Amino acid sequence: MTITQLQYVLAVAKYQNFTLAAEKSFVTQPTLSMQVQKLEDELDIQIFDRSKKPISITEVGQKIVEQAKNIVNEADRIKDIVDQEKGFIGGEYVLGIIPTIMPTLLPMFLKAFISKFPKVNLVIKEQSTDTLIRNLQDGQIDAAIAATPLEIEFIKERPLYYEPFVGYIPQQHRLANIEKLTPEDLDIDDVLLLQDGHCFRDGVINLCKSPKNSVVDHFRLQSGSFETLINLSNEGLGMTLLPYLNTLDLDDKKKQNLKHFETPSPAREVSLIYHKKELKIQITNALHEVITSVVRGAIAFQDVKIISPINNKIKA
């Protein structure tokens, strides 16, 4: 049994196709198939049921795949130890980012990071929070940027910044003439929301929860983008809430419709999250350093109240 054989098994389990698994592993299909077969012969069991399309994993094969993940990860840790000892920061690093953060944060730090750490091959994937969590657990990504706290046992959270919520309220709206917003001003039936699956939507719902706004099933409109929510607000269909960074590039006319909250302003905590096994921690540390240094100049808010994206919680 070799680490390489286990890596090939994991590739087949992931892609459910020997040809694609070989392509992604940068070997020929006969080579990969032969090594997987040798491992099955050695163990005297069948890991994959090749009679099905796509290929399926047998019951005992599933247990082997789970153990193979642990073994491959621990083998990778040895390389990490050597890299850290040598002070080397490089290699492939897969970073996931949630959709409501990607468009504003990525342009702020990407150029600075690749310039400072040119030996890192940064692979960036836009994914929902639930997908990021699954991929962190399975080792498909090395770290992620998401709204926190998530309070998941196997995940470490390192805050990057605190991003206030900002109201977008058109001139004809009932709140247009107030100077500062409070959570009590919000009526959940009047707030245009992102569609299900976005943690910013969940944060807004948590913020709006109050005795007079206890019903959350009567949204008139939902959308997948902040731009659409702004356009719908301008059409008189309600107000919306935006993350602070999304307000910086609005034109002057739209900025006139922004309303900030009274302090402490409700905000989301944005963190770099990764598995507690801390694989490739030297790259994680470098990423955290670059992002915090870049964002520090854009967000200077200190007096905020963190709105959790889960379980209707508010973190003081």
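**Close-up views of a predicted model**

**View 1. The lining of the largest pocket in this predicted model.** At least two lining residues come from each of H1, helix H2 (18–25), helix H4 (59–86), strand E3 (91–97), strand E4 (120–126), helix H6 (129–138), strand E11 (265–275) and H10. The greatest contribution is that of H4, which gives ten residues. Sorted by class, the lining comprises 16 nonpolar, eleven polar and 15 charged residues.

**View 2. The space and centre of the largest pocket.** The largest pocket holds about 1,600 Å³ of space. It is lined by 42 residues, of which Val 72, Asp 76, Glu 92, Gly 139 and Gln 140 are the closest to its centre.

**View 3. The packing of helices H5 and H10.** Two packed helices are described by the angle between their axes and the distance between the axes. Helix H5 (residues 102–116) packs with helix H10 (residues 281–295) at an angle of about 125 degrees, and their axes are 9 Å apart. H5 and H10 are therefore oblique to each other, and their crossing is right-handed. From H5, Leu 105, Met 108, Phe 109, Ala 112, Phe 113 and Lys 116 meet residues of H10, including Ile 283, Ala 286 and Leu 287. The contact of H5 with H10 has twelve nonpolar, no polar and two charged residues.

**View 4. The packing of helices H1 and H3.** Helix H1 (residues 3–15) and helix H3 (residues 29–43) have axes 9 Å apart and pack at an angle of about 110 degrees. H1 is therefore roughly perpendicular to H3. Gln 5, Leu 6, Tyr 8, Val 9 and Val 12 of H1 make the contact with Leu 32, Gln 35, Val 36, Lys 38 and Leu 39 of H3. The residues of this contact divide into seven nonpolar, two polar and one charged.

Notes: Residues are numbered from 1 along each chain as its sequence is written. This is a predicted model: local features need pLDDT of at least 70, side-chain atom pairs count only at pLDDT 80 or more; totals for chains, interfaces and linings use all residues. Side-chain values use heavy atoms; hydrogens and water are left out. Axes are lines fitted to C-alpha atoms, for helices over the stretch in contact, and angles run from 0 to 180 degrees between N-to-C directions. Helices (H or I, at least four residues) and strands (E, at least two) are DSSP runs, numbered from the N terminus. Angles under 35 degrees count as roughly parallel, over 145 as roughly antiparallel, 65 to 115 as roughly perpendicular and the rest as oblique. A crossing is left-handed if the near helix is turned anticlockwise from the far one by less than a right angle, and right-handed if clockwise. Contact means heavy atoms within 4.5 Å. Ala, Val, Leu, Ile, Met, Phe, Trp, Tyr, Cys and Pro count as nonpolar, Asp, Glu, Lys and Arg as charged, and the others, Gly among them, as polar. On a 1 Å grid over the protein atoms alone, a cavity is a set of points where a 1.4 Å probe fits but cannot get out, and a pocket is an open set with protein on both sides within 12 Å along at least five of seven lines; lining residues have an atom within 4 Å of a point. Grid points are joined across faces, edges and corners, and a volume is the space filled by probe spheres set on the points.
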